[in-house]
Amino acid sequence: MPEDPTDSPPFRPEDPVDRLPGIGPKRVSLLEAAGLRTIYDLLHYFPRDYRDYASITPIANAAQDATVTVRGVITASRNIRLRGRQSLAHITLRDQTGSLGATFFGRGFLADTVFRKGTEVILSGKVGNFKGPCLSNPEYEVLVGDEEDRLNTGRIVPVYPLVEGLTQRMLRRWVRDALDSVGTAVPECLPATLRKRLGLTGIAQALPAAHFPNSLEDTVSARRRFVFEELFLIQLEVLLRRERLTTAVPDRAGHVVNGPHLRALDCLLAFPLTGAQERVISEILRDLSGPRPMLRLVQGDVGCGKTVVALHAVAAAADGGFQTAFMAPTEILAEQHALVLRGILEPLGLRVETFTRSTPEPAKLRRRISSGETDVVIGTHTLFQEKTRFHRLGLVVIDEQHRFGVLQRALLAAKGPRPDLLQMSATPIPRTIALTLYGEMDLSIIDEMPPGRLPVKTRRVPAAKVPDLYRYLREQIELGFQAYIVCPLVDESETKTALTPLLRHFEEISTGPLAGVPVAMLHGRMDPAEKEAVMARFKSGEARILFSTTVIEVGVDVAKATIMVIENAADFGLTQLHQLRGRVGRSADASFCFLLGEPRTPDGKRRLDALCASNSGFDIAEEDLKLRGPGEFHGLRQAGLGDLRIADLVRDARVIDLARREAQALLEKHPGLKGRTLAPLAKALAQRRAEAENSHADGLDVTL
Ligand code: ADP
Ligand code: MG
């Protein structure tokens, strides 16, 4: 039967919002600020809450301070001018049981327009007192004829997240119009069998139920459906990405995993590996010898010994005649890794070099890399930005990967034979979140510290005790220990003038309470050669105290440094504090972390308390999640996965697991989501990907 064109909805979901009545250019830009461009977006702008204004209370029963919904006829209505240019609408409402006042502050005009005498209205709000019982600024709905359009009260009403310039009333109106015009035209993207098996509401029911539900139970099942849909699409995306990144490479030889370099390592290491290190190394070696490129993320708390794990991968790559590119987020860290790796790999006959912004003759180094003369090159991201060509790149190691972010995408874009990728992170995140953020990677966890490590004793030091602290520092230094003093005064991105207070502070301390102690200073504005010289002086023990900004936050490893003093500690984030603390406690000597400064906010105090209470990165990460909320934590956008419309990575953790399993099962059955029945799903996925790309403009120019 041919379709009657008048039956099809007037708009399509992908139409821009301004197709709806009442949305002009100004409101388009307000909506745009909330990420709402299309009618589809509006339909998927989910309420953050609901108010149950469905049941009507007789006015006589409206008790003081109760939140009620009443229905009645307006018997009096006044527009009252207040001082200044303010106005107030005051109306009186009557039903069969009694009468009640209502005021609308700042909206006196309502009395002259909608609230005319004799009009029937529904109001919802809290009963206060203004010349008798009175609702102040209640939600309202005017009842006209049979066309009762109850959007704001007289039902369960949605409460949307607001952006500046928009009101609940506007959003409710527009979402209602969107539902009426295209609600039924939104295709069902979830396969029917899956939906049935999981008991998920269909899209045609779920959309209206999410916005204008008939019962609160309806909202629960609608939310469940959309949360699943969102997390399912994300899982499909990361798994497809994984598929693309790890497709078996035809000429991939696989690394040799029991070659001479690797075997020699055991004799060269000064310590036996921990069980966790052994396990993770064997996971890595299994990947390396397999037909698919490795894509592995190693997570382990600061100081658990990730470098030596990476070293094994480097040795295996070298055994197969492959080069390694080893990336670190800072030059200091790159230099430090170079020191460790050189010490072990050069005696084995491998050539290890560093490549940072300050490499003296980059062109020459690049030639050695492209000719294959250099086996291992350690550097910052300069390493890749300079269009370096490798002779035979087999392995990319990325240390402190949380500092990079966009690399996965960059690697994705890279052409040619895919190197193995090993990423390392000291910022532990809950497994379910990792499944999303790093969903395309295999995860390895180092959950054991080298033996003999003592927990770092962490204490807050009140201002009055600071002189005692300096005395203590002197004593410890005489005993042969070293200390860091970290100061947040300098925003590293700022100009040199921002340094002045830091320099003055350094001057004061080094000539005052610490006079005579060999100190050195390190900050982000120094040129790399200076930095290197300072680090060398501290590492050798010539300088006993390193006065520094947060440039030492990641990775720096000096075993004799057992004291960390953090000034204005509450100004730092919790994971950052934990990273800083991780600079000490790297040997069997007792270590201390002293937190200075009074927190100015309750959250600041909680951060410091959390740090004093635990040494475990996993505890700290969880506390951080609680304090900051997942929004800031997850960085989905950075991972190129777009923003979440409805799911909450913490609250919906179990759905992440379910979505992962279902996505895996579906892709196994239908590789690449081919097939006509999956077309709506593939389309939804493509749409989500396009949106994510729009919201994520930056990228890295990488040639591997
Ligand atoms: P992170 O995981 O924070 O990168 P590192 O790799 O810098 O930690 O290791 C921290 C310190 O622990 C280094 O000095 C390293 O030599 C030492 N280390 C690593 N593994 C062991 C081990 N199994 N036994 C003893 N010391 C170890
Ligand atoms: Mg490290």
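This is a predicted model: local features need pLDDT of at least 70, side-chain atom pairs count only at pLDDT 80 or more; totals for chains, interfaces and linings use all residues.

Reader: Why is Asp-49 called partly exposed?
Author: Asp-49 has a relative accessible area of 32%. Buried means under 20%, exposed over 50%, and partly exposed is whatever falls in between (1.4 Å probe, protein chains only).

Residues are numbered from 1 along each chain as its sequence is written, chains are lettered from A and ligands numbered from 1 in the order in which they are written, and side-chain values use heavy atoms, with hydrogens and water left out.

Reader: What makes Asp-49 and Arg-51 a salt bridge?
Author: The closest N and O atoms of Asp-49 and Arg-51 are 3.2 Å apart. A salt bridge is a side-chain nitrogen of Lys or Arg within 4 Å of a carboxyl oxygen of Asp or Glu, so a pair like that qualifies. Arg-51 is partly exposed too, at 33%. The structure holds 39 salt bridges.

Reader: Which parts does the pair of Arg-645 and Glu-691 tie together?
Author: Their side chains meet in a salt bridge at 2.9 Å, N to O. Arg-645 lies in the loop between helix 22 (630–634) and helix 23 (653–669), and Glu-691 in helix 24 (residues 679–694), so the pair links parts 46 residues apart in sequence. Helices here are DSSP runs (H or I, at least four residues), as are strands (E, at least two), numbered from the N terminus.

Reader: How do you know that the count of disulfides is zero?
Author: A disulfide needs a pair of cysteine sulfur atoms within 2.5 Å, and by that rule the count comes to zero. Take Cys-593: the nearest cysteine sulfur, that of Cys-612, is 7.8 Å away. Cys-593 is also buried, because its relative accessibility is 0%.

Reader: Why is Gln-476 called buried?
Author: Its relative accessible area is 12%, so Gln-476 counts as buried. Gln-476 sits in helix 16 (residues 466–478).

Reader: What is Gln-476 in contact with, leaving aside its neighbours within four places in sequence?
Author: Phe-481 and Ile-563, where contact means heavy atoms within 4.5 Å. Gln-476 and Ile-563 are 87 residues apart in sequence, and their C-alpha atoms are 8.7 Å apart.

Reader: How many of the residues of the protein chain count as buried?
Author: Of the 704 residues, 53% do.
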